[in-house]
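Here is a short note for a colleague opening this structure for the first time. Please read the numbered points with the model in view.

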Amino acid sequence: MVRPVVWRPPAEPSPAELAVIKAVRRAKLFVFLRLHRHELFDEPFQAELAEAYVDSPKGQPPVPPARLALATILQAYTGVSDDEVIEATVMDRRWQLVLDCMNAEEPPFSKGTLVGFRKRLTERDLDRRLVERTVELAAATGGFGARALRAALDSSPLWGAGRVEDTFNLMGHALRKALGVIAVLQGRGQAAGTAVVAAQAGVPQLAVSSLKAALDADWDDPAARDAALAAVLGLLDQVEAFTAGQYGDAAAAAAVAAARQVRDQDVDLTGPAPALRRGVAKDRRISVEDGQMRHG
């Protein structure tokens, strides 16, 4: 088996890169990742990423996982397609700055390699590890707004319907799905109609794709996190009461039941205030769309 390549791009920007940094200084995420990529992808973390390939009997092409991980962060933040990522690596100097491929005439990796890497990330929960490390580094360096970055990455559609969501967004996803059912039954489009129904239910926080982004809490502050958890449980009660007795409530009730399942497995309700459980419940539900999906 061919081991994935360790990536050692230069830490200090070259004169050509400094010129690009000056030109794109408003594109703060690109500048942040260029200046701190060597800290984000130190050798221990690159070794973690390499472990995602240990089950591959035929080896992999020599594309460093760290470079693919950087591309994955940019893709999640900008919301572009896989094809657009490949195009950006040869057409967009901001992407080239981050991925160490300035003036590239050929993409540094293929679409298939990127898709395969992302699949390996999600299968091993390394997508969450990547998000957490990036947000922690943003907070520690002040190079980018950590809260804004977390909200953007957590709400990215990049990972697909089977993406492993955290407790807050998993419950938000289920509750928004319940409201979407009612929106369709009211004759509204699901996307725009969900926002209308969320307002009817008194839960405008569920009108957006990321509940964590709507709550805008300091997720690194335990007190703020606990307060946000209590708020989410309140949203669950409100949506359940709103959907009860609605026409076609069976489908909405199924989505609410999924949110309750997440609450029951992830939240400790025995103390003076709700708190996230430590550890992972057996057979924990990790996807709203696929109730049978489990950690590998």
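1. In which loop does Asp216 lie? Asp216 sits in the loop between α12 (211-215) and α13. Helices here are DSSP runs of H or I with at least four residues, and strands are E runs of at least two, numbered from the N terminus. Phi of Asp216 is near 50 degrees, a positive value in a residue other than glycine. With a relative accessible area of 49%, Asp216 is partly exposed. Buried means under 20% relative accessible area, exposed over 50%, and partly exposed in between (1.4 Å probe, protein chains only).

2. A word on the basis. This is a predicted model, in which local features need pLDDT of at least 70 and side-chain atom pairs count only at pLDDT 80 or more, while totals for chains, interfaces and linings use all residues. Residues are numbered from 1 along each chain as its sequence is written, and side-chain values use heavy atoms, with hydrogens and water left out.

3. Now the overall picture. The protein has 14 helices and two strands. Of its 296 residues, 47% are buried. The protein exposes about 14100 Å², and carbon and sulfur atoms supply 53% of that area (Shrake-Rupley method, 1.4 Å probe; for residues, only the protein chains shown count as cover). Contact means heavy atoms within 4.5 Å. Among contacts between residues at least 6 apart in sequence, 66% join residues at least 24 apart.

4. Look next at the cores. A nonpolar core is a set of buried Ala, Val, Leu, Ile, Met, Phe, Trp, Tyr and Cys residues joined through side-chain atoms within 4.5 Å. The largest holds 49 residues, of which Leu33, Phe41, Leu99 and Phe109 touch the most other members. Helix α4 (residues 65-78) gives the most to this core, with eight residues. Leu33 touches Leu40, Leu70, Ile73, Leu74 and Val98, not counting residues up to four places away in sequence. A second, separate core has 33 residues, including Ala174, Leu179, Ala198 and Ala252.

5. Helix α10 (residues 167-185) pairs with helix α13 (residues 222-243). Their axes come within 11 Å and cross at roughly 20 degrees, so α10 is roughly parallel to α13. Axes are lines fitted to C-alpha atoms, for helices over the stretch in contact, and angles run from 0 to 180 degrees between N-to-C directions. Angles under 35 degrees count as roughly parallel, over 145 as roughly antiparallel, 65 to 115 as roughly perpendicular and the rest as oblique. Among the residues that meet are Phe168, Met171 and Leu175 in α10, and Leu229, Val232 and Leu236 in α13.

6. Compare two further helix pairs. The axes of helix α3 (residues 43-50) and helix α8 (residues 126-141) come within 11 Å and cross at roughly 160 degrees. That makes α3 roughly antiparallel to α8. Phe45, Glu48 and Leu49 of α3 make the contact with Leu126, Arg129, Leu130 and Arg133 of α8. The axes of α4 and helix α9 (residues 146-154) come within 8 Å and cross at roughly 85 degrees. α4 and α9 are therefore roughly perpendicular to each other. Here Ile73, Ala76 and Tyr77 in α4 meet Leu149, Ala152 and Leu153 in α9.

7. Asp100 is in the loop between α6 (93-99) and α7 (111-123). Asp100 is not a glycine, yet has a positive phi of about 60 degrees. Gln186 is in the loop between α10 and α11 (190-201). Gln186 touches Val197 and Gln200, not counting residues up to four places away in sequence.
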